[in-house]
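Here is my note on the strand pairing and the helix packing. Please read it with the model open.

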Amino acid sequence: AESWNEVPLAPPDSIFKLTAAFKADQFPQKVNLGVGAYRDNEDKPWVLPVVKKATSVLLNDPNLDHEYLPITGLPEFTSGAAKLILGSDSPAIQEGRVTSVQTISGTGANHLGALFLSRFYHFSPEGGRKVWLSDPTWVNHFAIFGNVQIEPVTYPYYDPQTIGLAFKPFLDTLRNAPSKSVFLLHACAHNPTGVDPTRDQWKEICDVILEKGHYAFFDCAYQGFASGDLDNDAWAVRYFVSRSVPLLVCQSFAKNAGLYGERIGALHVVAPTTEAAARVKSQLSVLSRSEISNPPAHGARLVSLILNNPELFNDWKRDIETMANRIIEMRRELHRSLTEELKTPGNWDHIINQIGMFSFTGLNAEQSKAMVEKAHIYMTGNGRISMSGLNTHNIRYVAESLDKVVR
Ligand code: PLP
C-alpha cells in the first residue's frame, strides 16, 4: 500500500497555530490580537443585524430552492457587487466592459484572477511569469500565485523606520520593473500593515503604472471596513478605472458583511471593450466550471438582497459604520493610553494613522514574542495586531503590556 513516506510534513499555518495556543492558555487576562475577524466589545463574533434581516427574508421565501446557481454565479449578486466596487454610475459598467464572476470569497477571487492571468496574460519575455507583491503582504498571496506557476516577487512597501509607506522605493520599483508587469495592490486597509497610500500618492502610482503599461491586480478585502464608508474605500480602484488602467479586482464580503464562513466574493475584470469582456467571461466560466462547477448560493442570496434593496443597503451601511467606528475608537484609545497616560517611549502616531483591521505596532520579533510569552497577548511575530481584538475591558492591560516590552 502507498505509505506516503516521501510526503514531507508541512508546517502548521502560523495564524491558526497562534489561535490554538491562545485557546489552550489558562491565563484569565489573555488577549487574542491575532484574529483576522471582527469581534464586538465583548470579544464575540458579530452577526450583522442586516444579515439577520436578510436571512429572515430568505427563510420566509416559499419559492426558495437548492438548485445550482449559474457557473458564473447569481446574476443579481455579481451585478450589485460590480456596482458596489466600481460605483453605481460607473461608465465601464454602462459600456459593458466589466466581467464579473462569483467566487469562493476573496481567496477564490485571487485564485481565479491568478489562474486567468496564468493562462491568458501576455507576460513579457523580459519580465517573465511574475507577480509583484507588496513587502509585506497577506501571506496567502505567495501560495496562490505559486500554485498557478506565477513567480511572486516583492516591491518595497513598508518602511520600518517611519512605520509608514516606503513611497519612493515603491515608485522606483514600479518604474524599473519591465513594462507590462503585474502589480498586486491592496485597494484599501493594507494587510498586514494598515498603511495605505494617500490619494496624491495613488495618483503618482497610477501615472507610473500607465506609463509602463503595467497590469493592476487589485485585492479588495476590506471595502467599508477601513473608513466606515464604502465609496471612500473604493476610491483607488475607481480612480484607476477612470484613468483606463488595465485591471481586475478581487472582492470579498467576508469582513464587511461578516460572512466569513459563507465564502462569498467576486472577481471583476475591467476590459477595454465589450467584446473583450465577453471573451474574458467565457474563459472565466470555463475555468470556474472545472474547479467548483458552480458557486455556493446562500451568501450570494444574502448579499444580493442587501445590495439590491435600498432599505437593507442603508442598514448595512449603518452596520459597517458600527464596526469601523469601534475599531477607530480602539485606535484612539490605545494611542491615548500610550502617549498621555503611560508616556511610553517612542512615537505612536502610526496607531491612529493606520487604517482597517490591522496595525503594525513597530514591535520587533523579540518584543512580539515577549507580548505572547510574558503578557499572554497573542500577536504575530511581525508586530501586527488585530485592532478588533481590543475592547474597553482589555485595552488598558494591552497598553500597559506594550509599554513594558518597549521600555
Ligand atoms: N486578501 C486579503 C488582503 C486578506 O486580508 C484576506 C483575508 O484575510 C483575503 C484576501 C481573503 O479573505 P476571504 O477569502 O476570507 O474573503
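1. Strand β3 (residues 130-135) and strand β4 (residues 151-156) run parallel, joined by six bridges. Strands pair if DSSP finds at least two bridges between them. Helices (H or I, at least four residues) and strands (E, at least two) are DSSP runs, numbered from the N terminus. Lysine 130 has glutamate 151 of β4 as its bridge partner.

2. From β3 the chain passes through helix α6 (residues 140-146) to reach β4, a right-handed β-α-β crossover. Right-handed here means that, with the strands pointing away from the viewer, the path from the first strand over the helix to the second runs clockwise.

3. A note on the basis. This is a predicted model: local features need pLDDT of at least 70, side-chain atom pairs count only at pLDDT 80 or more, and totals for chains, interfaces and linings use all residues. Residues are numbered from 1 along each chain as its sequence is written.

4. β3 also runs parallel to strand β7 (residues 182-186), with two bridges between them. Valine 131 is bridged to valine 182 of β7.

5. Now the helices. The axes of α7 (residues 167-176) and α8 (residues 199-212) come within 9 Å and cross at roughly 15°. Axes are lines fitted to C-alpha atoms, for helices over the stretch in contact, and angles run from 0 to 180 degrees between N-to-C directions. α7 and α8 are therefore roughly parallel (angles under 35 degrees count as such).

6. The α7 side of this contact includes Phe167 and Leu171, and the α8 side includes Ile205 and Val208. Residues are in contact if their C-beta atoms, placed from the backbone, lie within 7 Å.

Methods
Angles under 35 degrees count as roughly parallel, over 145 as roughly antiparallel, 65 to 115 as roughly perpendicular and the rest as oblique. Two residues are in contact if their C-beta atoms, placed from the backbone, lie within 7 Å.
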